[in-house]
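Open the structure in your viewer and keep the sequence beside it. The tour below goes from one selection to the next and says what is there.

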Amino acid sequence: MNAGEKVLDRLYSRDFQCDAEWSIRKPNTFRWWAAEHAQTVWIEKEVSPQPGQTGYVVSIATDFIRGIKVPEHLVPSPLKPMMCFASMATPIWLPEKGEIRLVSKMVVHEQNWELAAVLLSHSGLLQIYDAKKQAHVLAELCEGVPNKSGPKADHLREPFDEMASAVEKLFVPLGKEKGKWTEQEFTETVEKYMHNPPCIMASGGGQGLTGEFVHGDGTSLFRIFGDEKHSWLGNGLVVTQMFPVPKMTENELIRMAIQLNQIEVVEGPWGYGFGSYWTKNDLLVHNAFYPNAAYLKGLLPNLYFSAANRAKHICKMITGKEWTSESFQKAWEQKKRVLGLVSEKPSFKERFRFRP
């Protein structure tokens, strides 16, 4: 059994405890109904996260809205609030099908499959929660309908599986407690990993850290805070990346965010495939939220390297420039001039390679 198969087996049998009556299981995939919105889990493709290493992209998608009737140019407006407050799912608009789906994905391999199973299970439960909480409201704005179904036609699940209430019964109460990630974990992440490439500059303090990556002739900003609340999930980790973009209108920027959600779901994930692109103050932003219930010791360094991989791809897509030793050195020299620094940064001898 490979790493991808191990994750699917654990999700089906242990984490989701799928009922055979309300699920359909096939090789490398299963579809189940905890409530009225079907959720599909599958091994999407085989990849090579590191030379000589075999990995598998495991994806989770929940049916959300179908039959969207509003004109294509009006869809971004109702989507934006959901993109802004995304937790671990990406809202994907499929105009050719008139649908919006919630999607999460992660590259898994033998060294990380247990961690991946935890994060994917939490993202799947959050998708079910988001579908119950938001489908009716957003469907009305899009002139569509909630995408409800069952294993058989017109056979909706009633009563719901207990997993459909996991977020209300477990995640939300845990969110009322103090953020689970400690100040020491933030400090260690900065000191051990972020004072070297691919980070240009890093700082930390309390339950937070900040870093900068090469972005064309400048830098993009990366932040994690463990003391900021999600609107309805309470405390956890807010993970944000901010990318400067060429001057464009608000609608153009929102459309770029929507398109990047689609592109990364198809081509990626670039790092961890949790969260969503959106816009703020003329910047392209990627935002994800990991609730207290998803606490894992050692997760912070992985989120940092995940963000670095995303920054590398976005840098190439937006600026057309690759990460090289020269681009790192140039960005560091510019940062020194701006801040009036005199200390020396270690030389950037090699291109950055993603460390999962």
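**Stop 1: α5 and α7**

Helix α5 passes helix α7 in a right-handed crossing (left-handed if the near helix is turned anticlockwise from the far one by less than a right angle, right-handed if clockwise). This is a predicted model, in which local features need pLDDT of at least 70 and side-chain atom pairs count only at pLDDT 80 or more, while totals for chains, interfaces and linings use all residues. Residues are numbered from 1 along each chain as its sequence is written, and side-chain values use heavy atoms, with hydrogens and water left out.

Helices (H or I, at least four residues) and strands (E, at least two) are DSSP runs, numbered from the N terminus. Select residues 183-193 for α5 and residues 299-319 for α7: the two pack at an angle of about 50°, and their axes are 9 Å apart. That makes α5 oblique to α7. Axes here are lines fitted to C-alpha atoms, for helices over the stretch in contact, and angles run from 0 to 180 degrees between N-to-C directions. Angles under 35 degrees count as roughly parallel, over 145 as roughly antiparallel, 65 to 115 as roughly perpendicular and the rest as oblique.

Now show side chains. On the α5 side, E185, F186, T189 and Y193 meet L300, P301, Y304 and F305 of α7; contact means heavy atoms within 4.5 Å. The residues of this contact of α5 with α7 divide into 6 nonpolar, 1 polar and 1 charged. In this sorting Ala, Val, Leu, Ile, Met, Phe, Trp, Tyr, Cys and Pro count as nonpolar, Asp, Glu, Lys and Arg as charged, and the others, Gly among them, as polar.

**Stop 2: α3 and its partners**

Select helix α2 (residues 76-84) and helix α3 (residues 113-142), which pack at an angle of about 160° with their axes 9 Å apart. That makes α2 roughly antiparallel to α3. The crossing of α2 and α3 is right-handed. Which residues make the contact? From α2 come P78, L79 and M82, and from α3 come D130, Q134, L138, L141 and C142. The residues of the contact of α2 with α3 divide into 6 nonpolar, 1 polar and 1 charged.

α3 passes α4 in a left-handed crossing. Here H122, L125, L126, Y129 and K132 of α3 make the contact with A166, V167, E168 and F171 of α4. The residues of the contact of α3 with α4 divide into 6 nonpolar, 1 polar and 2 charged.

**Stop 3: Salt bridges**

Side chains of opposite charge can pair when their charged atoms come close. A salt bridge is a side-chain nitrogen of Lys or Arg within 4 Å of a carboxyl oxygen of Asp or Glu, and by this rule the count comes to 17.

Select R25 and D9, whose side chains meet in a salt bridge at 3.1 Å, N to O. R25 lies in strand β1 (residues 23-26) and D9 in helix α1 (residues 3-15), so the pair ties together parts that are 16 residues apart in sequence. R25, at 41% relative accessibility, is partly exposed, and so is D9, at 28%. Buried means under 20% relative accessible area, exposed over 50%, partly exposed in between (1.4 Å probe, protein chains only).

Next, select E44 and K105, a salt bridge at 2.7 Å, N to O. This pair links distant parts of the chain, with E44 in strand β3 (residues 39-47) and K105 in strand β6 (residues 99-108), 61 residues apart.

Then select R10, R14 and D15, which are linked in a network of salt bridges.

**Stop 4**

T62 lies in strand β4 and counts as buried, at 0% relative accessibility. T62 touches H37, A38, Q39, R101, L102, Q127 and A131, not counting residues up to four places away in sequence.

Finish at P51, in the loop between β3 and β4 (55-66). P51 counts as exposed, at 70% relative accessibility. The C-alpha atoms of P51 and A164 are separated by 40 Å, and the two residues are 113 apart along the chain.
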